[in-house]
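I had this model open today and kept a few notes as I went. Here they are, in the order I looked things up.

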Amino acid sequence: MTRAVTVLATGPQALVQDLGRPGNAHLGVPPSGALDPPSLALANRLVGNPGGAAGLEVLLGGLVLRAETSCSVAVTGPATPALVDGVPRDSPLHLAPGDVLALGTPVGGLRCYVALSGGVDVPAELGSRSTDLLSGLGPAPLAPGDVLPLGTPAGVPVGVDVLVPVRVPDVLVVPVLLGPRDDWFTDPAGQLRAGRWTVSDRGNRVGVRLTGTALEREPGRVGRELPSEGLVTGAVQVPADGAPVVFLADHPTTGGYPVIGVVPPDALPLLGQAPPGTPLVFAPGTPGPERPGAVRYSDS
């Protein structure tokens with residue numbers, strides 16, 4: 001029997017993601033990978049997969065899968081209703097051949113993660129099965145009718161007493177380390193500390209756009225531009241209008257606007273979960289929060 005699941009519906013967006021393909025910036029390739037790596041790694045552990053196995057990143061729910069084989073499934077991230085043949089089920093859960101899993105709308109965040117025993121076994125590109133929306137590498141976004149092959153289960157599922165869902169706080173406090181172009185701004189730490197922003201509805205996997213306080217350049221830098229230079233995940237780039245953008249996993253590898261600071265990797269998962277309208281403040285000079293089971297990753 002072929003180990004696979006069939007996609008019946010996707011919701012707004014459903015992507016294959018693992019922990020990405022870091023180390024390819026010299027080729028112009030973003031790191032990509034899950035925006036909330038700890039949630040993906042947890043889902044994988046719950047079904048006995050290695051933490052970096054490929055699973056599904058589902059934006060705003062709506063995913064419907066039909067099992068073509070017996071498999072274990074875990075859904076992590078924000079609290080997300082999971083129904084099997086219309087009956088609510090707790091995660092992790094088991095699917096028999098023919099069972100249909102449907103996900104509702106997540107509460108407290110944007111993206112839930114679905115791991116299936118054996119992992120999603122699509123071909124890898126540059127060492128990763130992740131979909132990269134900027135470069136086009138990896139599998140296309142899922143569509144109804146897609147059949148996703150699953151690998152052979154190789155590990156023992158790890159149980160948990162309580163599966164704590166991710167929830168974005170009422171005000172998201174984001175640590176940021178200054179540089180490399182903080183000298184382009186008047187009192188950069190003071191401006192970041194005093195500013196107030198909200199998450200825009202124009203964000204995506206490339207970056208989180210913020211609306212609110214406009215960051216002011218040093219008088220001698222007004223109207224000037226930089227040659228393009230390298231960007232890392234978490235870079236806080238400030239275009240000429242002063243509205244910051246925090247780059248996420250599918251970010252471009254170079255850019256010409258000054259980067260006032262960089263958000264540490266451990267603080268990025270909540271940014272990737274923040275719904276439009278979330279109030280946000282920066283905390284310059286502070287390290288990121290350490291989430292239990294956090295998976296560290298970098299661009300190089």
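Strands (E, at least two residues) and helices (H or I, at least four) are DSSP runs, numbered from the N terminus.

**Ground rules.** I am reading a predicted model, where local features need pLDDT of at least 70 and side-chain atom pairs count only at pLDDT 80 or more, while totals for chains, interfaces and linings use all residues. Residues are numbered from 1 along each chain as its sequence is written, and side-chain values use heavy atoms, with hydrogens and water left out.

**Confidence.** I checked pLDDT, the predictor's confidence in each residue from 0 to 100. The protein chain has a mean of 93, and 95% of its residues reach 70 or more. Over residues 288-298 pLDDT stays under 50, and the model has 28 contacts beyond four places in sequence for that stretch. Contact here means heavy atoms within 4.5 Å.

**The open sheet.** I traced five strands in the order S2-S3-S10-S5-S8, with antiparallel pairing. Strand S2 (13-17) and strand S8 (93-95) are the edges, each pairing on one side only. From one strand to the next the twist averages 30 degrees. Which strand does S5 (residues 71-76) join through three bridges? I found S8, running antiparallel to S5. Ser72 has His94 as its bridge partner in S8.

**Helix H1.** I then followed helix H1 (residues 37-46), which packs on the sheet and touches S2, S3, S5 and strand S10 (111-116). The direction of H1 makes about 150 degrees with that of S5; axes are lines fitted to C-alpha atoms, for helices over the stretch in contact, and angles run from 0 to 180 degrees between N-to-C directions. Is H1 enclosed or open, and how many of its ten residues are buried? Nine of the ten are buried, so H1 is largely enclosed by the rest of the structure. Buried means under 20% relative accessible area, exposed over 50%, and partly exposed in between (1.4 Å probe, protein chains only). The buried residues of H1 pack against S2, S3, S5, S10 and H3. Just after H1, I noted Gly48 with a positive phi of about 85 degrees.

**Asn44.** This residue lies in H1 and counts as buried, at 0% relative accessibility. Leaving out residues up to four places away in sequence, Asn44 touches Asn49, Pro50, Gly51, Gly52, Ala53 and Ala115.

**Ala74.** I found Ala74 in strand S5, buried with a relative accessible area of 0%. Beyond four places in sequence, its contacts include Ala43 and Leu46, as well as Tyr113, Val114 and Ala115. The C-alpha atoms of Ala74 and Leu95 are separated by 11 Å, with the two residues 21 apart along the chain.

**Glu57.** I stopped at Glu57 in strand S3 (residues 55-59), since it is buried at a relative accessible area of 2%. Which side chain makes a polar contact with that of Glu57? I found Arg205, at 2.8 Å. A polar contact is a pair of N or O atoms within 3.5 Å; within protein, one must be able to donate a hydrogen and the other to accept it, and residues adjacent in sequence count only if both atoms are side-chain atoms. Among the other residues in contact with Glu57, outside four places in sequence, are Gln13, Leu15, Arg111 and Tyr113.

**Around S12.** Five bridges join S12 to S20, and the two run parallel. Leu172 has Leu280 as its bridge partner in S20. S12 is also joined to strand S19 (residues 259-262) by two bridges, this time antiparallel, with Leu177 opposite Val262.

**Nonpolar cores.** I used this meaning: a set of buried Ala, Val, Leu, Ile, Met, Phe, Trp, Tyr and Cys residues joined through side-chain atoms within 4.5 Å. The largest core has 30 residues, of which Leu210, Val246, Val263, Leu271, Leu280 and Phe282 touch the most other members. Strand S12 (172-178), strand S13 (197-199), strand S14 (207-212), helix H3 (268-273) and strand S20 (279-284) each supply at least two residues of this core. S12 gives the most, with three. Apart from this core lies another of 27 residues, among them Val16, Ala54, Leu116 and Leu142.

Notes
Two strands pair if DSSP finds at least two bridges between them.
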